[in-house]
Amino acid sequence: MTRISVQVDGVEYTDDVEPRTLLVHYLREQLGKTGTVVGCDTSNCGACTVHLDGSSVKSCTVLAVQADGQAVDTVEGLATDGELHPMQQAFTDCHSLQCGYCTPGMIMASIDLLKENPDPTEEEIRLGLEGNLCRCTGYQNIVRAVQQVAGGERS
Amino acid sequence: MTAVDDKPTSTTSQIGASRKRKEDRHLITGRTTWVDNMMLPGMVHLAILRSPMAHAKIASIDVSGARTAPGVLGAWSGRDFADVQGDLPCAWPVTPDMVNPGAPSLAVDQVNFAGDAVAVVAARTKGEAVDALEEIDVDYEPLPAVLDLEAALADGADLVHESAGTNKSYTWELDSAAAGSGGSVEDAARDAEVTVKRRFIQQRLSPGFMEPRSVVVQPADEAVTIWSSTQIPHILRTMLGLTLGIPEHKVRVIAPDVGGGFGGKITITPEEVIATLVARALGRPAKYTESRSESMSAAHHGRGQIQDLTITATRDGKVTGLDVHLIADMGAYLRLLTPGVPVLGAFMFPGIYKFPAYRFRCDGVFTTKVPTDAYRGAGRPEATFGIERIMDELAAELDMDPLELRRKNWITHEEFPFTTVAGLTYDSGNYEAATDKALALAGWDELKAEQARRRESNDPIQLGLGISTFTEMCGLAPSRVLGSLDYGAGGWESASVRVLPTGKVEVVTGISPHGQGHVTGFSQIVADRLGVPFEDVEIIHGDTESSPKGLDTYGSRSLTVGGVAVVQAVDKVIEKARRIAAHMLEADEADLEYADGTFSVVGAPGSSVPFGDIAFAVFSAHDLPDGMEPSLNSEATYDPGNFSFPHGTHLCAVEVDTETGHVAIRTYACVDDIGTPINPMLIDGQVHGGLAQGIAQALFEEAVYDDAGNLVTGSFVDYTLPTAADLPTFHTDRTVTPSTDNPLGVKGVGEAGTIASTPAVVNAVVDALRPFGINDITMPCTPERVWRAIQDHTNGSQGAVR
């Protein structure tokens, strides 16, 4: 067991974890933060995407011990005082989800995408979301949501 | 693009409005109820040991090492459960003599596909359970893998199930001459001026739902509560009860948030049975969640067919006959709907065309692969692919424009209702209107001109144009018809309305959504019909305790059957309320009109009572009409008289790089006619997702087994789900020809995109390559296959490339 201290969605946690524990499993099983989900074994689907010190990572590719001393932000921490994050708002405005399983990861990846490139073309959005799979939407409305937020930030 | 109508508390004109989804809030904030999120006191975690071989006898199996591993509470092999596990149910014995060797959840003496479950371990944590699998010793005696469908049917073939004595499960036939619905294909063949034969391959596909399958079982004495990521909680309840001998009223099934289905969660899974057996054995809650690689290898696949088609026609392009022979891959076992999937397709091969003669024959064959079962469209995409591809091949043979050939043969608008050569009666449709609109949407004339330019200049990037005009049978009901096809259940759907004292309403439905947006769509229907605000409607589903009666969600039946049941239940409430309103207003029922949620006396302004007041009057029950029970609640069960038949025209332009074989979609435009639209935003979403899946079959996806029967596409690394970068922006539009068979006029949309798009894309790819003498590319049309086809044909060889 290794002791780690992590700030998750603004709350400090100190925990003992097995060294093999992946960040996603620490979040889900030890902290009960089940908003972040697992979709594959191979880091292809992106459903588990969170922000580690502000940058998006697939939390199934990070060991919990690697997050020691860092801040982790998940989909559960995005809305503040009941006010949705603009990307969450855009996802519901644009019908960017159906079953919703990929959605937490997709939202987290989309936020980071705009941080890196605030004014992306459609092609840049599509390429930027290549690491996140969705089986329901055909991606079109997800692209629209990112465009809506980017447009909002421009204006 | 659809403008979202977000106006609050509108009670009228809800139908046709793009209301934002009620479902989204918890999904976008991460407050979800996926089964794998569940933690129950005392819960154990399961791991399943799976066969590494396609086919083998289990000479011995020893789980005792696992039983003493750290954290383990129990371990069981198939032999431990042999007497109690029963066989997984197959609900569709398509012929009286269908061979069904049985499908144990845990293999007992023999494994029949790589991924077949052989043992299960229960431990305190999932990690401990997985670790303990290493301590199980299995001695396998390998048997020959049975992989090739034709070889499996040959005399002396190695058998999947020795006891069955054959690899053929059934032969199912439909002959229009024998059925009286048309002439004979033999006569058509004799008289044919033109005959085109083709073999098409429907590759196996993984459903690829994003949420891996998960089940939690909580035992309590003889009862069990099961949370499952299933599409079919009601059917699961009945079937699990029958399989394990648990009285049905002691089984409660809950489908909470379900992360995609596409047919992939429509079967009774071995894992649901295994988790129930373990939970009952330990007297503790048990959870099993599959890994993605287990999902790829052990959750059922879709498609898997060899299609041999012969079409006959006159020289001027009138089709005269269609002869179809399928060999359908059942995989190792018959799961819930396995044998019925190709049979559903039998009715769709004639498509939208007026064939005078039709014959369909299907052989269902066992192989040592994971079973096939329903996958988005289930039988109808396969059939639509076959007919739409061979229409293009006939057009090429006749040197005719593929669209002209279709126009010459389709059922015209004036001819509806039309009974097809397969015996179905299409109620309504307008193929001309949808096609004309799609051509304009795609800019077809400009694309044609560009194609000509590129051909002329020998551009290394060739443009191919593909057409798919389709119809499908949706609204899987009518029970009477399903019975005539030997399906084991009906197709009705139920709904009930519970009116609360404040006038808010709870609507209980037997359908079980998993992403489609039914809560929003049904709320719109109720708000529109009952005249109450959209926000005042709660839709309750997916729990057999609160929603005890239903047949769940598949086959685009939720709106066409379940939605109509809701309408009928609402209408019953209105009729009850009318009697009470008349009593309250001291008026004659016949003098009341009901609009915008208020009963008014015609011609007496001011004499009115709103629905909420009636609801409270029923609750207080101080003064109701004599003999009336104090309840506004109602129940309805709807069994339609016919299927519904959405249709559409899908057009695809692809750019094919003839130097690399790479195919990119340049334009995708489609016009779907799904009857009356309820929520255009949801419809567009369903179409987009369907297109992505259908295009993926054409270009990307294939579940591949190696020569030893190992699945080599066992993860998302090897199995290519399309990403955002692989797909274009779709141009979608609608025509509206309401169904004449239901009061909503709806036809269903969930499968349309998938059904229509695969042939549109492949027709486009073949169109681009036809100047090279190429007339087929086996799906998926990967760069390698396309490149090889070009190389081979440049070198003079012929035939489809596999």
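**Entry 1: chains B and A.** I looked up the interface in this predicted model and found that 45 residues of chain A are in contact with 56 residues of chain B (contact means heavy atoms within 4.5 Å). Between them the two chains bury about 4,200 Å², with 54% of it on carbon and sulfur atoms; buried area is the accessible area (1.4 Å probe) that two parts lose on being put together, summed over both. On the chain B side, Ile28(B), Met210(B) and Ala724(B) lose the most area to chain A, together 17% of what that side buries.

**Entry 2: helices α2 and α3 of chain A.** I next examined α2 (residues 86-93) and α3 (residues 103-116) of chain A, whose axes come within 10 Å and cross at roughly 120 degrees. This angle makes α2(A) oblique to α3(A) (under 35 degrees is roughly parallel, over 145 roughly antiparallel, 65 to 115 roughly perpendicular, the rest oblique). From α2(A), Met87(A), Gln88(A) and Phe91(A) meet residues of α3(A) including Met106(A), Ile107(A) and Leu114(A).

**Entry 3: Thr74(A).** I located Thr74(A) in the loop between β5 (71-73) and α2 of chain A. Thr74(A) counts as buried because its relative accessibility is 1% (buried means under 20%, exposed over 50%, partly exposed in between; 1.4 Å probe, protein chains only). Leaving out residues up to four places away in sequence, Thr74(A) touches Val8(A), Asp9(A), Leu27(A), Lys33(A), Thr36(A), Val50(A) and Met108(A).

**Conventions.** Residues are numbered from 1 along each chain as its sequence is written, and chains are lettered from A and ligands numbered from 1 in the order in which they are written. Local features need pLDDT of at least 70, and side-chain atom pairs count only at pLDDT 80 or more, while totals for chains, interfaces and linings use all residues; side-chain values use heavy atoms, without hydrogens and water.

Notes. Axes are lines fitted to C-alpha atoms, for helices over the stretch in contact, and angles run from 0 to 180 degrees between N-to-C directions. Helices (H or I, at least four residues) and strands (E, at least two) are DSSP runs, numbered from the N terminus.
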